Amino acid sequence: MIDETDAALVALIKRGDRAAAGKLAERYLRACRAIALSVVGDIHAAEDIAQDAFVHGIQRIDDCREPERFAGWLRQITRNRALNHLRDGKTRTREHQQVDRPEPVPSPAREAELSEIRERLLTALNTLPEDRREVVLLHDLEGWTHREIADRMNLPAGTVRSHLHYARRQLRSLLGTLDDQEG
């Protein structure tokens, strides 16, 4: 069986293997999007930032001193790109943000309802501390396990579980408050 650890794939990329870069992209691009979204709060910007960070990481692969820790290195590149994006004032306001629509397009009433739900959820997520927001997005949106998140974020698994618990509790409270304001 071929060794497909991050370190092995990084070594292959350094030798010019494009397929290895594709495997790392499959492995980490969704997480990069979640990290970027946790920082900028804009779905479209997060997509662009994730792709930019990944391409930058591949172009600068020789700078990855610890190939076995590629995920953490890429995570930091993504976070830095997202913070630069915010610093440069490139994030659109949430009022102007649109979320990609699945096919077929729902009815206008359903689309309005989904848009409102997305907006409320993004607003609620934005109130969380960045580390908790990242844990929620990686676990609940991307399906990562507590152990995978702990390994990638260099946190104890118990801390990940704690972040997830308190983040969900805060989201439930805030989203419940928003329901109360509407009624």
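Is Glu142 buried or exposed? Glu142 is buried, at a relative accessible area of 15%; buried means under 20% relative accessible area, exposed over 50% and partly exposed in between, with a 1.4 Å probe and protein chains only.

Before I continue, a word on the basis of these values. The model is predicted, so local features need pLDDT of at least 70 and side-chain atom pairs count only at pLDDT 80 or more, while totals for chains, interfaces and linings use all residues. Residues are numbered from 1 along each chain as its sequence is written, and side-chain values use heavy atoms, with hydrogens and water left out.

Glu142 lies in the loop between helix 6 (130-141) and helix 7 (146-153). Helices here are DSSP runs (H or I, at least four residues), numbered from the N terminus. Leaving aside residues up to four places away in sequence, Glu142 touches Arg30, Ala31, Ala34 and Leu137; contact means heavy atoms within 4.5 Å. Ala31 is 111 residues from Glu142 in sequence, yet their C-alpha atoms are 6.9 Å apart.

Finally, in helix 5, the buried residues include Glu111, Arg120 and Leu122.

Conventions
Helices (H or I, at least four residues) and strands (E, at least two) are DSSP runs, numbered from the N terminus.
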